[in-house]
Amino acid sequence: MTTTVETALGPVATSELGPTLMHEHIVTRSPGVQENWPHLWDRAEILAVAERKMADLHARGIRTIVDLTTVDLGRDVELIVDVARRSSVHIIVATGVWWMPPRYFNTHGVDEVADLFVRDITRGIGASGVKASIIKCATDTAGVTPVIETILRASARAQKATGVPISTHTWAAGRTGLVQQAIFAQEGVDLRRVVIGHSGDSEDLDYLRALMERGSTIGMDRFGLEHYLPTAKRVEVIARLCAEGYAGRMVLSHDANCWSDALSEHEKRRTRPHWHYNHIPDDILPALRTASVSQQQIDRMLVDNPRAIFEARVGAS
Ligand SMILES: [Zn+2]
């Protein structure tokens, strides 16, 4: 039997996912702004930029990206589909909410919110027919506020109802991944079905080991965002954890995008010159090899772990 995962263009065999970046974005934008000021939004130009960036990624051997863009990051599934049609890289789409939930989520309960996520996963997003294959939720510096707790618990319940994995945003300096795990475990989620994101921002090895010892995968997923943690430290932490036997519990990514209304291409290059999709294939994989990370360990982080995370859906409750 072939195991498949839903992508923007429909089901793909998990054996075809190949090298996968587990936390990226196609486009992030402020919901409602372009709808009200459409002159800020040149869709054709954004598509052209995205087409070029996806081709660059494919040329470097990356075969799948996971787009963790939620409603509060301006998820636009029609745009993702149009990018996917112009690309040879598979795009996996998410449901869920980031840490800036629209007011709707303040006044609706956990099960009502979980139903929205389940709908995206089982019936598809809006009228697009595109099914989400992963649930995103987030805890930032404010911690678990009432609305964030609603979303964390709704994510857990949607995970249990559908079997798809959860992938989180954390404030690693505040060790917020541990709080997320506690809430998921309370809701009965198998923590092996969870990726604790932005863990690569931390060099607190005790924190990172604790997340993995509870079964979760950690996202070493902000390569190029030097202000959270410089590249050399990010590489050092991964090499150390690989040497300790944790290659089966880490995934790699940049948290980059093709286009964002928060930061122009020019500003990105000026302030974050290495923060782009090609940084891992061009610079990080060679740096990991220099730091004694084996090709087999790289393949686990880039190919085997992502595949396993999406395959474990089979047999889920
Ligand atoms: Zn992100």
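Colleague: Let's start with the metal. Which residues coordinate the zinc ion?

Modeller: His 23 and His 25, each through NE2, and Asp 255 through OD. The distances run from 2.0 to 2.2 Å. Bear in mind that the model is predicted.

Colleague: What spacing do the donors follow along the chain?

Modeller: H-x1-H-x229-D.

Colleague: And His 23, buried or exposed?

Modeller: Buried. Its relative accessibility is 2%, and the cut-off for buried is under 20%.

Colleague: Switching topic. Where does Ile 65 sit?

Modeller: In strand S5, which spans residues 64–67. Ile 65 has 0% relative accessibility, so it counts as buried.

Colleague: What is Ile 65 in contact with, leaving aside neighbours within four places in sequence?

Modeller: Leu 21, Glu 24, Ile 26, Met 54 and Leu 57 are among them. The run Val 89, His 90, Ile 91 and Ile 92 is also on the list, as is Tyr 277.

Colleague: How far is Ile 65 from Leu 40 in space?

Modeller: 26 Å, C-alpha to C-alpha. In sequence, the two are 25 residues apart.

Colleague: Now helices. At what angle do H4 and H5 pack?

Modeller: About 45°, with the axes 8 Å apart. That angle makes H4 oblique to H5. H4 is residues 110–122 and H5 is residues 146–162. The crossing is right-handed.

Colleague: Which residues make that contact?

Modeller: From H4, they include Val 110, Val 113, Ala 114, Phe 117 and Ile 121. From H5, they include Ile 151, Arg 153, Ala 154, Arg 157 and Ala 158. The contact residues of H4 with H5 divide into 10 nonpolar, 4 polar and 3 charged.

Colleague: Next pair. How do H7 and H8 cross?

Modeller: At roughly 50°, with their axes coming within 12 Å. That makes H7 oblique to H8. H7 covers residues 205–213, and H8 covers residues 231–243.

Colleague: Left-handed or right-handed?

Modeller: H7 passes H8 in a right-handed crossing.

Colleague: Which residues meet there?

Modeller: Leu 205, Leu 208, Arg 209 and Met 212 on the H7 side. They meet Val 237, Arg 240 and Leu 241 in H8.

Colleague: How many of those are nonpolar?

Modeller: In the contact of H7 with H8, 5 are nonpolar and 2 are charged, with no polar residues.

Note on methods: Residues numbered from 1 in each chain as written. Predicted model: local features only at pLDDT ≥ 70, side-chain atom pairs only at ≥ 80, totals over all residues. Heavy atoms only, no water. Axes fitted to C-alpha atoms, helices over the stretch in contact; angles between N-to-C directions. Helix = DSSP H or I, 4+ residues; strand = E, 2+ residues; numbered from the N terminus. Parallel < 35°, antiparallel > 145°, perpendicular 65-115°, else oblique. Left-handed = near helix turned anticlockwise from the far one by under 90°. Contact = heavy atoms within 4.5 Å. Nonpolar A, V, L, I, M, F, W, Y, C, P; charged D, E, K, R; others polar. Donors = N, O, S within 2.8 Å, 3.2 Å for Na, K, Ca; no water. Buried < 20%, exposed > 50% of the residue type's maximum accessible area, 1.4 Å probe, protein only.
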